Number of protein chains: 4
Amino acid sequence: MFSRLSIGLWSLDASGYWNNTGEGTVKKLEAAAKIKVLRGVELIYPTHVNEENLTAVKDACRRLSLEVVSVNPNVWADPIFARGAFTSRSAAARKKAVEYGKTAFDFAKELGAGRMCLWPGQDGFDYPFQDDYSALWDLSLEGIGEVARYAKGHKIGIEYKFHEPRGQSLLDSASTVLLLSRMLGLDNVGINLDFGHALLSKENPGESVVKCMREGKLFGVHVNDNYGATDEDMTLASIHHVAPLEFFYYLNKTGYDGWISLDIAPRREDPISACELSFRNLARLEKAVERLDIARLKEAQASSDSLLAQEIVNCAIFGA
Amino acid sequence: MFSRLSIGLWSLDASGYWNNTGEGTVKKLEAAAKIKVLRGVELIYPTHVNEENLTAVKDACRRLSLEVVSVNPNVWADPIFARGAFTSRSAAARKKAVEYGKTAFDFAKELGAGRMCLWPGQDGFDYPFQDDYSALWDLSLEGIGEVARYAKGHKIGIEYKFHEPRGQSLLDSASTVLLLSRMLGLDNVGINLDFGHALLSKENPGESVVKCMREGKLFGVHVNDNYGATDEDMTLASIHHVAPLEFFYYLNKTGYDGWISLDIAPRREDPISACELSFRNLARLEKAVERLDIARLKEAQASSDSLLAQEIVNCAIFGA
Amino acid sequence: MFSRLSIGLWSLDASGYWNNTGEGTVKKLEAAAKIKVLRGVELIYPTHVNEENLTAVKDACRRLSLEVVSVNPNVWADPIFARGAFTSRSAAARKKAVEYGKTAFDFAKELGAGRMCLWPGQDGFDYPFQDDYSALWDLSLEGIGEVARYAKGHKIGIEYKFHEPRGQSLLDSASTVLLLSRMLGLDNVGINLDFGHALLSKENPGESVVKCMREGKLFGVHVNDNYGATDEDMTLASIHHVAPLEFFYYLNKTGYDGWISLDIAPRREDPISACELSFRNLARLEKAVERLDIARLKEAQASSDSLLAQEIVNCAIFGA
Amino acid sequence: MFSRLSIGLWSLDASGYWNNTGEGTVKKLEAAAKIKVLRGVELIYPTHVNEENLTAVKDACRRLSLEVVSVNPNVWADPIFARGAFTSRSAAARKKAVEYGKTAFDFAKELGAGRMCLWPGQDGFDYPFQDDYSALWDLSLEGIGEVARYAKGHKIGIEYKFHEPRGQSLLDSASTVLLLSRMLGLDNVGINLDFGHALLSKENPGESVVKCMREGKLFGVHVNDNYGATDEDMTLASIHHVAPLEFFYYLNKTGYDGWISLDIAPRREDPISACELSFRNLARLEKAVERLDIARLKEAQASSDSLLAQEIVNCAIFGA
């Protein structure tokens, strides 16, 4: 069903998200290439790819037959972004965030990537009254708008997240980003939908797919799992089963033809094995989607018949 | 600071939300009128006001000097709405929902009310796969759009809610309703912002005020409190203090000049006393807003200085 | 695997929990008897069985080959319990709660039931400072202790619940009830473990089984499902799959030989169909438990190998 | 009201919890000593105090008039504890955890500290089926028991936490630790109650105080604040007001005479200023406790009168 399978290269950094350095990128790519179903990778600028290693990374990807799916600007890790990136009250921080966004686009062109996953992780607040929300909105629109206008035609999928690392993020849900996109009036600002982030935002992830696709704004997909309160980035289908089934069902039904990218953070496990397990679980979910009795499901949905729908769904999950 | 103070008349039904009948409306209005600061009431059609008691209700309001703030269509209690109102797969249910919406507008004109609080409480789903989300969106846009076009010029404040009575609501957050409003392209479709619902949706309620006001779509406000997981509709400022302080701060700062309406459900307490306590707490919060050192707060916010902001805020709350 | 299957008779009241009356008990039993796998029922005193209908209920159960699993005292619905039952500050309310508990035991003897599910739903508080917690604990120990000493030898499974109908319950988790049991020093005070309540209390329900069984205090089990925030009492395995799998795995592994009782509240569905679906899902989960590769699972657990454990688990769920 | 005020020295590490090294301990103590109300510090072994710097730390504390409140074994940061400390399946890890516990006690004697805060942060699990819960319980009882028997007479306050860094902790609530203490039958195993952890476990922190004090097991207190979902360790009284008010009210009422220790993690703020603000807020809360009309509060609680209780409470918070 889905053949454009990729990982965020950060998923391979078993010792934690924040310790990534660009130095090991080629080695990580070589490790990733051992994952049989893998066809692409998402890279972070300047964490994984940067001015120093661009050629080496490009060569390695070609040699390993890995497509570069996206180049994503790291607008969170540098201490300059501690109180915000696009929304920082420091002009220097905002300038750097915009530059990172523009450079990520430049690198994407160089590497043949068609989109950017933009996670404005530091744009939000920790404490009540800490900031003026209207100012945050103005600055967010301004900064993201500037990047998007520079990268005209390049799909910018904003990855919303309810919280973490800030106490509360400004762009906290699918609806908020779709609203922002309409405010900006820019076709190339859409959503990179992270399954686990949808759970954190108390969304039904399948419904979020539909909402994004109706707006023509689903530019990328990250998959993983969590318990619903914090973003553990666990292996896919480790905690939830019917929620990812519905997610993939709607991706298929609505004609999403982009990449499905793993975004996991195995802290106590071998990351390659964790990716392989996640892809095996994806294959299991795809088979379960295929086992859904679509004719009867339509019948169930035509009268909101939850019992019939559940029977069909559990037949598909359990195989009988 | 706020003088347009009202209650949802349902707040007086101590035996629970669902047992309201229109029969006792005049008695409830008389009881409500004893609340000294009260200037208005929100009424539900046909629960509180209907074809039978319209004149009596109108007379009582005039006699008691109570303005009718809104007439809100009850699109949730009738069993016909069990699987949705505007989004039901039953054409009869949808028709009834639209009719209720239109009639509520007619009654509002009759009673001099300038707006409607529209809570589509049954529009959502309980179980995964129970319904087709795209169909739900189409039907929601169609039904709400029809009411809004009929009630041209009349402010329709949609009250979003994350869940309850359904497992998940379609219109689940401030952003979702603002997005819906842009989809509809209708000026008179906005938000009735319920403080407790904002908490359930994991929003910062002050930020929600700002977001709505920036879109010019804050049509009404309900206040109450809860623990964050379920909509207990508790007395104002019983659980949270800094969150409602920030909420009222931003209502004032952004120039909101509409009604502040109590929406509480005292189950084990005398409802009149519970309303009076809530209004006393509102007065306490207003005084605390006035105690905020605005000049220093601006200074704090200009650099996202959370420690300074907190010092100012706790001085204002505790009075020193 | 599990053959002692029952339902709480309240699961058949499609119009909601609170409207049950004893009048329709025989009809409900006749409806329940159509559920093929069903062998027992839990009854509430005086809601389902009482002084008026005891003989009729007894005869019906015999005629329909339904064992009475438990008689559970309704210490929540009478308005006298509005501010607590065993912990009410009203001596009359406390007396009534204890009497209900004792009478439920008397009826159990009459009906051949070996245990009681005791849900002290009103024992808790809504607002901070509303009550003195030490007094609540004293009264809870006193009242439950009196019932337990009266019903010596009769298993009293306390059903803890985090919240609802009160803002917070006193007996809010498995650990709290096990602690209470040790405080009382009474062998017959244990737990009726409700799967959905364990989710609400943020427990891993399988771990709760183990904790209760280690203390020798697992007296009964209720199954259902929910989203984790409110007690929707949904059909089993509608939302979660791996959590109930692990729950049944540990019930089996630890040698639980009591009843498995459905406790669901289908509000918009036919309740008999909802029970049948839940039992079909139970059978699916039992088969999945049987598909677990136990030898490899032990190997995985011997080194906390989460990836191997997940592979085994998803093979068992999806059938491959 | 409370004069034994301390901080966990880790609160001063503005760059994050995990980067602490023992090297800077004296400098941190000197910084801490500038906080006027401060009388004590909690130290972590071997993070802050260890075989190399014991004399230097001891001298610095004497010179700066800082009492050492506790020495807490770091059974979480060493990679050997990645899959558990006391509950690890690796005998070497368990041995190291026990040794750390014993050595922390030895250091406490040397430094004149009367207790230990023991946070078994890695003892739990991430994924369902990853471990055998009965084995986890056996190992937890064994390891903690061994430390407690070695440190006879020394108060070991276990700091429970619902989750983080593991997906779920074994010792997840006040009730669970009190149950463990009864299982062990050791007088010196009790609770170090962290206000924020009580929030994470969905407890009413005041009720947790009462529960611990009734068992005679409240050995230490950590204060901070959070939003309820993750352990942000924010400044005290930044998010919640009535909850910490009730917490301090019950600490006072039940006669707690131990230390009140700040456990905060200012990531984007100056840590000394954040501590000072927290202590100012503590003083504000103490004054509010003193403003409570105790006579009327008793009257309110004698009939669970929530409205009267709230009036008293908000008078005390707002000062009128």
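**Exercise 1. Find the charged pairs between chain C and chain B of this predicted model, starting from Asp126(C).**

Step 1. Asp126(C) forms a salt bridge with Arg268(B), and their closest N and O atoms are 3.2 Å apart.

Step 2. On the side of chain C that touches chain B, the residues divide into eight nonpolar, seven polar and seven charged.

**Exercise 2. State how much area chain C and chain B bury, and which residues of chain C lose the most.**

Step 1. Chain C brings 22 residues to the contact, and chain B brings 22 residues.

Step 2. About 1800 Å² is buried between the two chains, with carbon and sulfur atoms giving 48% of this area.

Step 3. In chain C, the residues that lose the most area to chain B are Tyr127(C), Tyr227(C) and Arg268(C); together they account for 39% of what that side buries.

**Exercise 3. Work out how chain C and chain B are related by rotation.**

Step 1. Chain C is superposed on chain B by a rotation of 180° with 0.0 Å of shift along the axis, and the RMSD is 0.0 Å.

Step 2. The two copies are therefore related as by a two-fold rotation axis.

Step 3. Among the residues of chain C, Ala229(C) comes closest to this axis, with its C-alpha at 3.0 Å.

Step 4. Both copies use the same surface, since 100% of the contact residues of chain C recur in chain B.

**Exercise 4. Describe the interface between chain B and chain A.**

Step 1. Here 52 residues of chain B are in contact with 52 residues of chain A.

Step 2. The buried area is about 4700 Å², and carbon and sulfur atoms give 57% of it.

Step 3. Four salt bridges are counted between these chains. One of them joins Asp138(B) to Arg214(A), with the closest N and O atoms 3.0 Å apart.

Step 4. The polar contacts number 33 residue pairs, both residues being at pLDDT 80 or more.

Step 5. Several helices of chain B each supply at least two residues of the side that touches chain A, including α4 (133-150), α7 (205-214) and α11 (306-318).

Step 6. By class, that side of chain B has 23 nonpolar, 13 polar and 16 charged residues.

Key. Residues numbered from 1 in each chain as written. Chains lettered and ligands numbered in written order. Predicted model: local features only at pLDDT ≥ 70, side-chain atom pairs only at ≥ 80, totals over all residues. Heavy atoms only, no water. Contact = heavy atoms within 4.5 Å. Buried area = accessible area lost by both parts, 1.4 Å probe. Salt bridge = Lys/Arg side-chain N within 4 Å of Asp/Glu carboxyl O. Polar contact = N/O pair within 3.5 Å; in protein donor to acceptor, adjacent residues only side chain to side chain. Helix = DSSP H or I, 4+ residues; strand = E, 2+ residues; numbered from the N terminus. Nonpolar A, V, L, I, M, F, W, Y, C, P; charged D, E, K, R; others polar. Least-squares fit on C-alpha atoms with pLDDT ≥ 70 in both.
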